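Please consult the sequence and the model shown below.

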Amino acid sequence: MLGGVPPGTDGATREAPRLWRKGQSRRCSGLEVQNDVDIYSLTVDSKVSSRFAHTVITSRVVNKADAVREATFQMELPKKAFITNFSMVIDGVTYPGNIKEKAVAQEQYSAAMARGESAGLVTATGRKTEQFQVSVSVAPAAKVTFELVYEELLARHLGVYELLLKVRPQQLVKHLQMDIHIFEPQGISFLETESTFMTNELAEALTTSQNKTKAHVRFKPTLSQQQKSPEKQDTVLDGNFIVRYDVDRPVSGGSIQIENGYFVHYFAPDSLSTMPKNVIFVIDKSGSMMGRKIKQTQEALIKILDDLSPHDQFNLISFSAEATKWKPLLVPASTENVNEAKSYTTGIRAQGGTNINDAMLMAVQLLEKANREELLPAGSITLIILLTDGDPTAGETDPLKIQENVRKAVNGQHSLFCLGFGFDVSYAFLEKMALENGGLARRIYEDSDSALQLQDFYQEVANPLMMSVAFEYPSNAVESVTQDAFRVFFKGSELVVAGKLRDHSPDVLSAQVRGQLHGENITFVMESHVAEQEEMFRGPKYIFHSFMERLWAYLTIQQLLEQMVSALDAEKQALEARALSLSLSYSFVTPLTSMVITKPEGQEQSQVAEKPVEDESRDRRVPLGPMGFGQSMDRASWKTGGGLKLLNSPPRLGVPGRFLAPPPPFYRTTSRLVLPELTLRPGGASYDMDFRIKGTTLTAPPFAPVQAPSVILPLPGQSVDQLCVDFRRPQELVNLLSDPDQGVEVTGHYETAKACFSWIEVTFENPQLQVHASPEHVVITRNRRNSAYKWKETLYSVMPGLKVTMDKAGLLLLSRPDRVTIGLLFWDGPGKGLRLLLQDTDRFSSHVSGTLGQFYQDVLWGPLDTADDRKRTLKVQGRDYSATRELKLDYQESPPGKEISCWSVEL
């Protein structure tokens with residue numbers, strides 16, 4: 001973010017007050033005032049070498065004003081990343097950021113605050129990101145170069161690695177370029193890109209090249225491509241740019257890679273069968289869960305129950321002030337038991353206190369009893385999944401005592417996963433309890449997609465493949481090895497071990513990975529030739545060299561920080577000392593270090609960047625902003641907008657915006673103007689209002705307004721070019737289209753009472769992907785991974801064999817080469833609701849079927865009815881339909897739509 005406020009002002013300048021929209025040029029007396037601080041170059045260079053990402057952000061700006069302006073550089077980076085360097089170059093002089101122990105940096109920070117100076121901080125801004133910000137005063141005509149460097153190890157989740165970059169310049173940039181280089185010796189199995197700001201024009205600036213082991217993604221838009229429209233200077237670049245990929249898996253299940261004396265061992269076999277599991281769901285139903293939280297929990301749990309394997313066993317415990325188990329014992333996940341559990345879940349009501357202690361001990365007792373009575377299948381795994389939204393208020397309320405009780409009860413026999421719903425719960429309490437018992441903690445953000453967050457978490461632990469996994473290396477070959485023993489390996493994840501090669505180590509590094517599968521021991525053996533590996537990483541110019549040592553340090557620090565959570569005081573101090581030493585040696589900004597940013601003489605001398613800790617954000621609410629799912633913001637970023645932003649103006653007082661729905665249409669009768677019913681609701685586009693006119697009675701319109709049909713089908717090559725279809729007879733689940741040759745199926749749930757679809761679902765065979773559209777949002781599921789998008793949230797996703805786009809009008813298009821294009825739309829014109837659109841329907845095969853698909857088979861149109869030329873018969877596969885010529889609204893046009901004359905049938 002670049003902003004400008006002359007020194008000595010408080011943001012309220014002496015010029016006449018003006019109101020302007022952030023991100024636009026300011027206007028005064030009809031004259032356009034150009035930006036004072038101009039970004040003339042912005043580059044993002046990310047090199048991913050064997051999952052380790054090294055990202056450099058460089059921004060070059062110039063102050064075009066005739067007075068001093070303040071430039072603020074602001075960047076959002078992934079939470080798991082460590083900042084490694086920041087510098088400013090001002091008039092040829094470099095001002096670096098120095099990484100110091102947090103206590104030392106804090107002294108400078110406190111001194112700066114005492115002098116009334118602000119400190120630049122890294123703050124949490126959302127689910128996946130943190131925000132880095134630093135400001136500096138810039139003289140007239142002076143140039144400044146900002147450079148930020150951060151590193152992270154990409155973790156594999158549900159079968160993919162994800163590199164997330166934020167793009168928000170907030171102005172047009174003459175030279176804007178992003179380069180992502182990926183080098184994976186195992187081979188890249190697939191690669192896809194996704195953006196929340198991409199348009200068809202911008203897509204022309206995106207290029208992707210790929211071979212067996214390398215990929216290069218470049219985004220280099222011109223000034224005109226960045227513009228929202230030719231007459232505006234606003235930029236469309238505002239949101240996420242994501243690269244996802246996976247790698248090939250050898251038969252051995254793993255890969256040992258070596259560079260510059262260090263090694264990393266990746267292990268993720270994909271040929272193992274899922275182990276049966278015994279899972280206890282422990283659900284908080286206290287009063288604070290009332291409303292949307294409990295509804296979303298119920299929705300997620302019902303879908304999770306559907307995902308249980310018939311080989312699994314399960315039980316449910318709900319708790320408020322007291323804990324209640326659904327069944328006295330674990331039960332098999334049979335269809336009958338799952339349906340009964342879903343009914344029980346639907347009936348859960350939220351009220352009362354929060355007794356976490358009794359609920360957790362009840363869960364352990366259920367598993368222990370089943371184990372004593374030999375009711376647990378051989379080779380199965382036991383899991384406890386706790387969901388709560390608050391601190392304990394009933395029974396045992398001391399968090400330390402609860403943690404001790406649970407640790408003693410579990411006794412290393414089960415894995416505990418804790419989900420904290422919202423920000424009223426102590427995340428530190430849940431995290432320690434989970435880590436002490438072989439699991440992990442996760443925050444569930446209060447949002448419209450909370451149910452999806454719960455489902456996604458469950459998918460991560462739904463398919464255990466191995467237990468008691470241990471990595472073994474020759475003692476004369478390696479040293480300083482990271483964590484090499486893991487309780488469980490789950491499908492879609494990856495186990496990573498790194499270390500240092502000893503001096504005079506063997507020419508071949510061998511390893512064994514031992515574990516248990518279905519109660520039997522299994523061993524994977526692999527080896528790697530040191531010289532070959534060293535040579536492979538030495539040559540390429542597009543990788544970040546000597547990265548593996550930094551990967552080892554990054555992984556070691558992350559694991560030490562995790563171990564500190566559950567360590568006793570003496571052990572904790574030793575772990576902290578080692579983590580601090582590594583953080584300083586490798587220049588990482590971690591929770592133990594801070595970056596002190598130096599500035600030119602005369603400016604505030606101590607801005608300090610620190611790594612946020614998850615529980616510091618407790619009691620912070622994350623409002624839902626215009627960015628949508630996966631980008632919720634805290635209060636700080638709500639104020640500034642978040643992201644890589646470049647602003648250049650003094651702060652202004654603004655008038656809160658009011659967003660109103662478009663006025664409803666007027667329906668004209670023969671004698672008067674009649675207003676249709678107007679419904680306005682708090683928090684949305686309108687409010688409930690009761691129109692009463694004294695002495696006057698408003699009558700209903702005698703003629704029904706023209707409505708959009710349920711579906712408009714284009715019929716190329718037929719005597720009628722399109723057909724309007726309405727559903728009238730009661731039918732809930734509808735098979736709309738199915739074409740095995742096209743590898744696509746479209747189903748929907750139609751509510752006759754509301755005359756609309758409650759959802760439409762599109763399923764593709766290749767790539768295996770499902771798109772579920774509801775009035776609330778669109779959910780795309782691939783490899784058990786859900787991504788949710790709000791309607792009218794720009795989306796541009798390119799994956800092998802499929803392109804998914806959504807524009808600001810809310811039109812979602814699913815297009816494939818030489819295939820039918822399927823569109824989904826939440827139409828908010830007359831007859832509002834979900835709508836289906838089809839393009840290139842001449843590409844349907846002769847095997848297409850379904851309620852709508854039948855109209856792409858042999859169709860015979862009969863002659864016009866002699867008594868009424870608005871009627872005729874339509875014969876489809878031996879069945880007659882009565883077709884009527886009617887006026888309809890074409891929902892393929894923007895609301896309120898365009899009236900068309902259409903042959904209509906009712907189904």
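How does the lining of the second largest cavity divide by class? That lining has four nonpolar, three polar and five charged residues (Ala, Val, Leu, Ile, Met, Phe, Trp, Tyr, Cys and Pro count as nonpolar, Asp, Glu, Lys and Arg as charged, and the others, Gly among them, as polar). The model is predicted: local features need pLDDT of at least 70, side-chain atom pairs count only at pLDDT 80 or more, and totals for chains, interfaces and linings use all residues. Residues are numbered from 1 along each chain as its sequence is written, and side-chain values use heavy atoms, with hydrogens and water left out.

**Cavities**
- On a 1 Å grid over the protein atoms alone, a cavity is a set of points where a 1.4 Å probe fits but cannot get out, and lining residues have an atom within 4 Å of a point.
- Four cavities of 30 Å³ or more are found.
- The largest cavity has a volume of about 120 Å³, and its lining comprises 12 nonpolar residues, one polar and no charged.
- The second largest cavity has a volume of about 90 Å³; its lining includes Glu192, Arg244 and Tyr789.

**Cysteines**
- The whole structure holds one disulfide (cysteine sulfur atoms within 2.5 Å).
- This disulfide joins Cys724 to Cys902, with an S to S distance of 2.1 Å.
- The torsion about the S-S bond of Cys724 and Cys902 is about 115°, so the disulfide is right-handed.
- Both Cys724 and Cys902 are buried (under 20% relative accessible area, 1.4 Å probe, protein chains only).
- Cys418 is buried, at a relative accessible area of 0%.

Notes: Buried means under 20% relative accessible area, exposed over 50%, partly exposed in between (1.4 Å probe, protein chains only). On a 1 Å grid over the protein atoms alone, a cavity is a set of points where a 1.4 Å probe fits but cannot get out, and a pocket is an open set with protein on both sides within 12 Å along at least five of seven lines; lining residues have an atom within 4 Å of a point. Grid points are joined across faces, edges and corners, and a volume is the space filled by probe spheres set on the points.
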